[in-house]
Amino acid sequence: MATSNSLYQRAIDVLKQNDRGTYSLPTHGLYPVQFNWDSAFAALGYRFINQHRAWQEVMQLASSQWPDGMIPHIMFRGDHDGYFPGPDIWNTGQFIETSGITQPPVLASVVRQLDEAGPYRDVNGMYDMLRRLVRWHDWFMKARLDPQSLGIQIIHPWESGRDNLTDWDQGMARVEIADLPPYTRRDLDHVDSSQRPTKEQYDRYLTLVKFGRDRHWPQAYLGQNSPFRMVDPGMTAFLLRANRDLIVLLNKYLPEDTDSIELIQSHINTLELGWINLWNPKVQAYTAYDPVLQQPIDSVSAASFLSCYASMHNDLHHGHLMDQFDRIANKVKFMVPSFDPEHADFDAKRYWRGPVWHVINNRIGLGFSEVGEHERAKRIRKDSEDLIAQSSFYEYFNPITGDGLGGKDFTWTASVYLDWVMQEADHGQD
Ligand code: GLC
């Protein structure tokens, strides 16, 4: 790729525009709050321009941890007026106002990347971070592990970070819409409704929030009893990888803490089995799984390709997975669509039902490079960069036309751009 100085500068400007001092917004306007995995990805970008600021971002995120170990999906800091659903709707009763669910655990993996770029200057702060990560990862096993498949389940589509993915439809159809007070969605003030979840989906999202709120957010109970439950290959792969990265950090900073190291190792062993169990022979891919009906969901999403990122070396199904990747790559101009473009429910514009998201591309691409799938990794990286060159730093993109969709000036899109461009500079590629 020809590194474009103006895009590089623009990426930095996007990060700065969304910087709120010690934390970042996904983008100003549409999302005036701190989101969990957005913040982790923000730090990934910051590590090239201001390492201290990158560390601040992740420390701030970890500081929102609940007493039970969960690091929540949204932190309401600063002026969050205009965000719906706000803290009153979640009503979590936490010291820092937050939502009542979690989001994909990429934090430990990013912390490891930050540490490689330049260790945190306060070693006690680093110990604190690692202890918090151990507690969060352990929380997942207590509150979100599906005992049947050994994969990680979500109790709200928003937990997956892939909100309206088609894979959740079957589980969402079981959610009986509660008697909700009238509400006004704020997302539609910023983005065309054809690119956002539907009204019926939104009613169900709020019904699930009400279910947790009415019970005061007992997370392990919700993990077993939420009206919506689905095992997510994304969450499973992110947590598996995050545990591997955490072990490396524990061995470096807290080698005497053998209890934590053994605990995390046992979680890795469980999640490896969980990942293998998500292999779906009918569609020849790792897929979501319905823990209520105890049946796999028969569709391929971008998360199916996170096997390499999860470091499932010697994956027996690697060849089949690459065939799936190539099949999809022949159907779209820009990889990786969030959902199978040959599926009847594919929608190139609607959020997680088809569009390309740079954060997923970044993680799939990293995994591919690590296992030597260089050509395919290159395709992902090039397509991602072409999308930005064509349409700028949007939230997500149409995989057929390359149009930018959703919010503009998106932090994580800018971060992923910096991550790739800087790595290419390091490796002397053009
Ligand atoms: C949407 C995305 C989610 C992201 C959030 C903020 O809800 O689905 O993954 O964290 O926006 O960018």
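Modeller: Start with the polar contact: a pair of N or O atoms within 3.5 Å; within protein, one must be able to donate a hydrogen and the other to accept it, and residues adjacent in sequence count only if both atoms are side-chain atoms. This is a predicted model, where local features need pLDDT of at least 70, side-chain atom pairs count only at pLDDT 80 or more, and totals for chains, interfaces and linings use all residues. Residues are numbered from 1 along each chain as its sequence is written, and side-chain values use heavy atoms, with hydrogens and water left out.

Biologist: Which side chain has an N or O atom 3.1 Å from an oxygen atom of the ligand?

Modeller: That's Y31. The side chain of Y351 also has an N or O atom 3.3 Å from a ligand oxygen, while G161 uses a backbone N or O atom, 2.6 Å from a ligand oxygen.

Biologist: And how do I find empty space?

Modeller: You roll a probe the size of a water molecule over the atoms. A cavity is a set of points, on a 1 Å grid over the protein atoms alone, where a 1.4 Å probe fits but cannot get out; lining residues have an atom within 4 Å of a point.

Biologist: Where does the ligand sit?

Modeller: In the largest cavity (more than half of its atoms lie within 2 Å of the grid points). Among the 27 lining residues of that cavity, Y31, F35, Y83, D163 and Y351 are the closest to its centre.

Notes
1 Å grid on protein atoms, 1.4 Å probe; cavity = no way out; pocket = protein on both sides within 12 Å on 5 of 7 lines; lining within 4 Å.
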